Amino acid sequence: MLNRVKALPKNFVWGGATAAYQVEGATKADGKGKTMWDDYLKAQGRFSPDPASDFYHRYPEDVKLAHEYGLNAIRVSIAWTRIFPKGYGEPNQAGVAYYHKLFKTCIENGVTPYVSLHHFDSPKTLFDQGDWLNRKNIDYFVAYAEFCFKEFKEVKNWFTINELISLSLSQYIAGNFPPNHHFDVTSAIQAQHNELLAHARAVNLYKSLHLNGRIGLIHVLQPIYPITQTPANKHAAALYDAFINRFLLDGTFLGDYSDETMDLINEILQKNNAKLDIQAGDMAILKQAATQNDYFGLNYYQSQFIQAYDGPSGNQFNGTGDKGSSSFSFHGVGQVVPKAGVPTTDWDWNIYPKGLYDILKRIAKEYPNSKTIYITENGLGYKDQFVSADQVIDDEPRIDYIDQHLAALLQARKEGVNVQGYFVWSLQDQFSWANGYNKRYGLFYVDFDTQKRYVKKSAQWFKELADTM
Ligand code: BGP
């Protein structure tokens, strides 16, 4: 890899990624409002979002570590409820001041902030009013975005929303995010459409303000492969791909849902007695934004192998890291099946770097409006073992994982795909939404009792890459 990264330009973006709720802690500090997670996690009793990685207080140390280990960028998100505790109303000046300090620290350390406005942490007040299923939520989001665009002028790289599909799938299909609905297909597809509208309106607004910066959104993409090449399995893969990838990609970069995409979506809706409400004027908003995105953030972790399935929907979520405990079957769409020879993580995620290469090639070919691509998340969830304070934590499997995915990225670049950056998920260990604290991703180990940071082997390796470029 060391030799191969020499092919990258000096200004290639090497980043570490974080999300406000997963790292900040301090969920009640300085006037912050509740998110949809606070009461939910408390009632669940599995783990607490406090103190998380205490980034709210320790960001100077983390930003410094990022810089020392060769990173020139960081993904952070703004907690909507630090700015507007209820999601709307008067801005909370303590929250505003915190983000000014954070961005200043990043910039002073040569670590460029890439800032998302929404990373799974909907304000509780708005969640109770229907979250993204309530069209008024779009207005609230755009007002919040407008405030941030005008206030945080030091931010030059914006993302509107992180992973629309993960949010809607986890909330309404898999049922492992609040409000825990299972296979509520109407809500899942409607939330996707409404979030796309919110993104598009924020982009259109940003462009009209003529601020000196860039904006885009982040999709997590999971290439879907038929487990065998039978017509039924191929159709199942096309259906599931439409539901989790294509609908959103069309909406984002074509500003339209193509006829082929809608045929597949309508088949899923019909088979599941579901519907989608697209209102007059919606598509014009998407169309206007489709060519205005400056870049595209692509999160990639895994691909899926699918076989045709007409039985009842059902799923088992592996939220513990007990290998082999998950299953997913979607009526009239398909069933997720293991693929011989493809290794999996303890959480049953397929390790399949070829999927990253395939999806990059597809995006470049089918969605040229995506323009510049940044890999905004990629990494391995692993049960890292702490040995002693003077011993570097050995996370060789993470190095292998990143190495293989970087190789896929470099191959796609060589073949003309315009990838300009890579953010490892995650900068430091942080809790995982539906898994808790034992699923670690960081380049830096966090002792969650003392909040001390320790270097992992992957951080040292990453620094070597950065120094070689
Ligand atoms: C993405 C999210 C991140 C992060 C990551 C790992 O979907 O944007 O916030 O959590 O996945 O996922 P998990 O924590 O479920 O392993």
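Let's start with one residue in this predicted model: Phe 253 has a relative accessibility of 1%, so Phe 253 counts as buried, the limit being under 20%. Tyr 367 is buried too, with a relative accessible area of 3%.

These two residues bring us to the aromatic rings. A search of the whole structure turns up 56 aromatic pairs, and one of them joins Phe 253 and Tyr 367. A pair of rings is described by how far apart the centres are and by the angle of the planes. For Phe 253 and Tyr 367, the centres are 6.3 Å apart and the planes make an angle of 50°, a tilted arrangement. Where do the two partners sit in the chain? Phe 253 belongs to helix α10 (residues 231-254), while Tyr 367 is in the loop between α13 (353-366) and β12 (372-377), so their pairing ties together parts that are 114 residues apart in sequence.

Now turn to Phe 328 and Phe 330, which form an edge-to-face pair, with 6.3 Å from centre to centre and 85° between the planes. Are these residues buried or exposed? Phe 328 is buried at a relative accessible area of 14%, and Phe 330 counts as buried at 0% relative accessibility.

Ring pairs can also link up into a cluster, and here one contains Tyr 21, Trp 37, Tyr 40, Phe 47, Phe 120, Phe 177, Phe 431, Trp 433, Tyr 437 and Phe 448.

Finally, look at what lies over the faces of two rings. Arg 82 lies over Tyr 98, 5.8 Å from the ring centre. Lys 383 lies over the face of Trp 347, at 5.5 Å from the ring centre.

Terms used. Residues are numbered from 1 along each chain as its sequence is written. This is a predicted model: local features need pLDDT of at least 70, side-chain atom pairs count only at pLDDT 80 or more; totals for chains, interfaces and linings use all residues. Side-chain values use heavy atoms; hydrogens and water are left out. Rings of Phe, Tyr and Trp (its six-membered ring) pair if their centres lie within 6.5 Å; planes under 30 degrees apart count as stacked, over 60 as edge-to-face and the rest as tilted. Helices (H or I, at least four residues) and strands (E, at least two) are DSSP runs, numbered from the N terminus. Buried means under 20% relative accessible area, exposed over 50%, partly exposed in between (1.4 Å probe, protein chains only). A charge sits over a ring if NZ of Lys or CZ of Arg is within 6 Å of the ring centre and within 35 degrees of the ring normal.
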